[in-house]
Structures are given as structure tokens and as C-alpha cells.
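Here is a short report on one protein model. Keep the sequence and the 3D view open as you read.

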Amino acid sequence: TLPETGLMSEVMIHNGTSYQAAILSEHQASATNRSSPAPCSLTLFFADWCHFSAAAAPHFNALARAFPQLPVRAVDSSKHHSLNTQYGVMAVPTILVFHNSKPLYKYNLTEYSLDKFIEFVSLVTGLEAVNGTTVESEDFEGPVSSWAVEHRNLDLWLALTFSVLCGIFQFSTS
């Protein structure tokens, strides 16, 4: 948070429950359509194992500084599957712009750079970036990680071992 303004300048990482609460808190019943003034926010749906998410992460982390007037959130969609269905997330990374707690715009470009993210947000919200138009070294550290995490799937290894043992057994009895 920027102390002199109270504006946010960092990505907020959410779990499923806290994300739902944050999005619902943006809803204003008086805003009846897309053109009505209402709160906007940005959300990155990512997966910690995804190399594309890791490549987009430092640029998305820097986006929070460029638009401190917008809440900038991130959700690990591989851990919170119900949000994928609810918001139409088909692949990661996905960036959505929310207006009045509803997803309205999706970043559809394949280039994950701060310049392209700023251009997209400015186009759909009418806001201009106020600062932070470069990716800093701390943006690679987080809040969204710039390194993909390798996960070992124990169930897959057990299934493979079982299949190999069954094959050896069948071969030895024939």
C-alpha cells in the first residue's frame, strides 16, 4: 500500500474463499450495466507449475505499481478449480478485468510483457498507468513467483510401478 494515498501497489494472492469475498465486496447494486461507474479489479489465474505463468509473473507483479488505483489479485487456479469454472478460465495464465464483481475482459495476447499488460488495462478501463512502467528485480521475487515449481505425482509413479510389475509377472508366468 502506498502510505500517502492508501492505494494498493502489490498483488494480493488469494485462496478460493478469500477471493470470492474480495470480488463480492466490489459489487454495487446501483451499477446496472457495463457503462455504469463501478469498482474494477484485475486478476491473474495462474498455476505454480506452469512455465508460462512463471514468465508472466514479474510483469503482472509490476502491473500493481502501474495501476495502484486498481486491486490486483492472483489465484493459483490449479488449487482452486471451482473458480476456473465460475469465471471461464480454460488455460493459465489468464488475466481478467472485473467490473462490478463480474469478469468483462480477458487478456488474449500471447505476449506477456508489462507494456502489453498496461496497454490492455488502459484500453479496457480508460485508466492510465501512473508509475512503475519497468519490471524491477523484486518483481521476479513475488508475490506471484517467477519460477515454476516441479511437482512429483506420487500416484502416477505408483501406477507406473504397478503396471511394470504386472507386466513382469505376466511375462514370467508365460
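Predicted model: local features only at pLDDT ≥ 70, side-chain atom pairs only at ≥ 80, totals over all residues.

## Ground rules

Helices (H or I, at least four residues) and strands (E, at least two) are DSSP runs, numbered from the N terminus. Residues are numbered from 1 along each chain as its sequence is written.

Strands of a sheet pair through backbone hydrogen bonds, either parallel or antiparallel. Two strands count as paired if DSSP finds at least two bridges between them. Here, 5 strands form an open sheet in the order β1-β3-β2-β4-β5, and the pairing is mixed. Which strands stand at the edges? They are β1 (12-14) and β5. Each has a single partner strand, so one side of each is left without a neighbour in the sheet. On average, neighbouring strands are turned by 35° against each other, direction ignored. Such angles come from axes, which are lines fitted to C-alpha atoms (for helices over the stretch in contact); angles between N-to-C directions run from 0 to 180 degrees.

Look at two of the pairs. β2 runs parallel to β3 (residues 72-76), with 5 bridges. Leu 44 stands opposite Ala 74 in β3. β4 and β5 pair in the antiparallel sense over 4 bridges. There, His 99 faces Lys 102 in β5 as its opposite residue.

## A threonine in strand β2

Find Thr 43 in strand β2 (residues 40-46). Is Thr 43 buried or exposed? Thr 43 is buried, with a relative accessible area of 0%. Buried means under 20% relative accessible area, exposed means over 50%, and partly exposed lies in between (1.4 Å probe, protein chains only).

The side chains of Thr 43 and Tyr 19 are joined by a polar contact of 2.7 Å. A polar contact is a pair of N or O atoms within 3.5 Å; within protein, one must be able to donate a hydrogen and the other to accept it, and residues adjacent in sequence count only if both atoms are side-chain atoms. Plain contact means heavy atoms within 4.5 Å. Leaving aside neighbours within four places in sequence, Thr 43 is in contact with several residues, including Phe 60, Arg 73, Val 75 and Phe 98.

## Helix α4

Helix α4 (residues 114-125) has 12 residues. From first C-alpha to last it reaches 16 Å, close to the 16 Å expected at 1.5 Å a residue. That expected span is 1.5 Å times one less than the number of residues. Just after α4, Gly 126 takes a positive phi of about 80°.

Which residues of α4 are buried? They are Leu 114, Phe 117, Ile 118, Phe 120, Val 121 and Ser 122. These buried residues pack against β2, α2 (51-66), β4 (94-99) and β5 (102-106).

## The nonpolar cores

In soluble globular proteins, nonpolar side chains tend to be buried together. A nonpolar core is a set of buried Ala, Val, Leu, Ile, Met, Phe, Trp, Tyr and Cys residues joined through side-chain atoms within 4.5 Å. The largest one has 24 residues, and Phe 60 and Leu 63 touch the most other members. β2, α2, β3, β4 and α4 each supply at least two residues of this core. α2 gives the most, with 7 residues.

Leaving aside neighbours within four places in sequence, Leu 63 is in contact with Leu 42, Leu 114, Phe 117, Ile 118 and Val 121. A second, separate core has 9 residues, including Ile 23, Val 75, Tyr 87 and Val 89.

Most residues other than glycine have a negative phi, and most peptide bonds are trans. β4 and β5 form a hairpin with 2 residues between them. Asn 100, in the turn, has a positive phi of about 55°. Asn 100 is buried, at 6% relative accessible area. Ser 101 also lies in the loop between β4 and β5. Its phi is positive, about 70°, although Ser 101 is not a glycine. At 11% relative accessibility, Ser 101 counts as buried.

Now check two peptide bonds. The bond from Val 92 to Pro 93 is cis, with omega near -5°. Pro 93 lies in the loop between α3 (81-87) and β4. The bond from Gly 142 to Pro 143 is cis, with omega near 10°. Pro 143 sits in the loop between α4 and α5 (154-173).

Definitions and conventions: Heavy atoms only, no water.
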